[in-house]
Amino acid sequence: MSLGIVITTEDSPSTSEFSFVVREKGIKKGQYVQVPHGSGHLFGFVSEVFKSNRYFERAESVADFERSSGIAAQFPSDSWEYIIGVVKILGVFNGTKIERAFLPPSPGALVDIADNTLLKSFLGFQDNGIHIGSIEHHDVAVHLSLTRLLQKHLAILAMSGAGKSHLSSVLLEEILGRKPEDGRIAVVLIDIHGEYLGFKHDPVFGNKTTVIDGASIKMPLKKLSPETISEWLPHLSAPQRDVLRHGLTTLKDQNKEGYNLKDLVAAIDSADISKDEVKRALKRSLSELKRYHFLTRTSENPRLLSDVKPGEILILDFSSLDSLRKKQILVSLVARRLFNLRKRDKIPPFLLLIEEAHNFAREKAEESEAISRSIIETIAREGRKFGASLCLISQRPVNLSTTALSQCNTHIILRVTNPNDLDHIQMSSEGIDSRVAKSISGLKVGEAIIVGEAVNYPTFVRVRDRKSTKREKGAPLHQQAIDFEAKQKKKEKGAEAFL
Ligand SMILES: Nc1ncnc2c1ncn2[C@@H]1O[C@H](COP(=O)(O)OP(=O)(O)OP(=O)(O)O)[C@@H](O)[C@H]1O
Ligand SMILES: [Mg+2]
């Protein structure tokens with residue numbers, strides 16, 4: 001039995017919309033439907049559902065009847081209720097190709113619920129793809145092609161607590177679970193709050209996870225170009241940059257095994273340049289880098305060359321770092337090195353996943369706060385040619401670099417209620433029309449809209465449960481409070497016993 005029959009209304013059926021009267025109850029807004037059309041099917045989704053009943057059309061007669069025993073007692077009004085579904089037409093699908101609808105469906109044509117198999121290919125799902133959840137009202141799992149989802153970068157945008165980290169954990173599980181023959185990429189994750197450490201303790205994913213504490217990241221100065229260091233110290237004047245380059249070149253020419261900032265300062269001091277003022281200012285700037293303790297003579301951690309492996313994840317846990325500048329410098333360091341190694345094919349294709357991306361690629365930032373922006377924008381622009389993908393996660397899309405965001409060809413958007421953020425998302429995501437934009441604020445935790453490269457049409461999904469262990473740094477608030485009081489009491493008892 002079909003779902004219903006196409007009817008004529010004032011301005012439909014057209015090539016963009018039609019209405020149908022519902023035969024079978026159980027139709028829902030958002031459901032996909034199909035109508036036979038030429039050699040294929042016309043696909044659309046139910047954009048609105050109306051109920052109607054002739055007995056209740058005229059206010060004065062309804063009021064009149066209600067003053068006596070009521071309409072329902074006198075007439076079979078129940079059996080005159082009918083439901084109308086309004087369908088937004090998406091396209092005509094013949095099983096392989098999607099075309100625009102050049103003709104509307106005929107009035108009287110039968111409307112069916114979309115066939116699951118056809119729907120999967122119509123929306124662009126791929127059987128061995130990344131399984132992130134299911135679409136509502138249909139028994140269809142959302143499997144997205146790895147290439148379509150990630151090659152041209154992904155942005156996950158939502159307000160705080162809407163499920164961004166949950167979704168990225170699901171994404172990680174899928175990437176770690178891939179078979180070599182399907183193509184396995186490596187993942188490097190900038191974990192700002194230590195939210196992903198559960199992967200290390202998980203029986204399935206533990207042996208594919210390496211965690212490096214942000215405070216223990218080390219990089220030999222020898223491996224860095226003068227340009228990179230200048231980028232970290234954006235206030236250097238042109239003469240200061242020259243002296244810096246001179247110092248580093250001198251050290252490099254000496255062919256030592258390695259050198260650190262102390263050696264660099266010594267090289268600057270002994271440089272045959274009579275610009276003491278310039279040297280002093282440069283050394284002052286370098287002392288800031290010295291405070292961050294990550295530039296070394298020879299030791300390196302992580303060794304990206306060997307620690308970035310297909311089907312494995314390298315978590316850089318930044319939860320112990322306080323300084324945003326240090327975090328930005330480390331992100332710039334890691335991203336730059338990853339991209340360079342990937343360009344020379346020294347490491348596998350990778351996904352660099354950055355939580356709180358608005359702090360690392362800020363739209364309107366002073367130079368000194370935009371240290372990692374340029375490399376993120378570079379990867380966003382050029383990465384796809386080299387198999388270097390980005391996943392930018394942010395709860396403040398307004399503050400995220402428009403260049404980077406617009407290069408993310410797939411956006412997964414979870415609940416957002418802030419009007420500024422909503423406007424910004426609508427502007428920067430192609431494929432979000434006002435209808436989709438409106439529904440974003442109505443999403444519940446764990447519900448998402450996928451738009452862009454990964455799917456043929458904007459698709460609503462319910463993100464699946466995670467399989468991996470969830471383990472966050474920091475106990476729940478009430479537990480922290482209990483622990484604090486217990487510790488205080490113990491201290492007091494100790495003091496009493498001593499007296
Ligand atoms: N699809 C889902 N199914 C079940 N629970 C979910 C789902 N998505 C999120 N949650 C739960 O909702 C809570 C918030 O999710 P999550 O930490 O992922 O939000 P977030 O967007 O990353 O927040 P923040 O901006 O604070 O980092 C968590 O407890 C998480 O387990
Ligand atoms: Mg989060």
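Modeller: Start with two helices: V243, L244, G247, L248 and L251 in α7 meet D263, L264, A267 and I268 in α8. This is a predicted model, in which local features need pLDDT of at least 70, side-chain atom pairs count only at pLDDT 80 or more, and totals for chains, interfaces and linings use all residues. Residues are numbered from 1 along each chain as its sequence is written, chains are lettered from A and ligands numbered from 1 in the order in which they are written, and side-chain values use heavy atoms, with hydrogens and water left out.

Biologist: What makes this a contact, and what counts as a helix?

Modeller: Contact means heavy atoms within 4.5 Å. Helices (H or I, at least four residues) and strands (E, at least two) are DSSP runs, numbered from the N terminus.

Biologist: Why is α7 called roughly perpendicular to α8?

Modeller: The axes of α7 (residues 238-253) and α8 (residues 261-269) cross at roughly 110 degrees and come within 9 Å. Angles of 65 to 115 degrees count as roughly perpendicular, under 35 as roughly parallel, over 145 as roughly antiparallel and the rest as oblique, so α7 is roughly perpendicular to α8. Axes here are lines fitted to C-alpha atoms, for helices over the stretch in contact, with angles from 0 to 180 degrees between N-to-C directions.

Biologist: What is α7 called relative to α9, and why?

Modeller: The axes of α7 and α9 (residues 276-291) cross at roughly 75 degrees and come within 9 Å. That makes α7 roughly perpendicular to α9. P239, Q240, V243 and L244 of α7 make the contact with V278, K279, A281, L282 and L286 of α9. By class, the contact of α7 with α9 has 7 nonpolar, 1 polar and 1 charged residues.

Biologist: Is K200 buried, partly exposed or exposed, and why?

Modeller: K200 has a relative accessible area of 38%. Buried means under 20%, exposed over 50% and partly exposed in between (1.4 Å probe, protein chains only), so K200 is partly exposed. K200 is in the loop between β11 and β12. Not counting residues up to four places away in sequence, K200 touches G206, T209 and V211.

Biologist: What makes β3 mostly covered?

Modeller: In β3 (residues 32-37), 5 of its 6 residues are buried.

Biologist: How do you know that β3 pairs with β4, and in which direction do they run?

Modeller: Two strands pair if DSSP finds at least two bridges between them. β3 and β4 (residues 40-53) are joined by 6 bridges and run antiparallel, so they meet that rule. H37 stands opposite G40 in β4. The two strands form a hairpin with 2 residues between them, and G38 in the turn has a positive phi of about 55 degrees.

Biologist: Which strands stand at the edges of the open sheet of 11 strands, and why?

Modeller: The order is β9-β8-β20-β19-β18-β10-β17-β16-β11-β15-β12, with mixed pairing. β9 (141-144) and β12 (209-213) stand at the edges because each has a single partner strand, so one side of each is left without a neighbour in the sheet. The twist averages 25 degrees from one strand to the next.

How values were computed:
Ala, Val, Leu, Ile, Met, Phe, Trp, Tyr, Cys and Pro count as nonpolar, Asp, Glu, Lys and Arg as charged, and the others, Gly among them, as polar.
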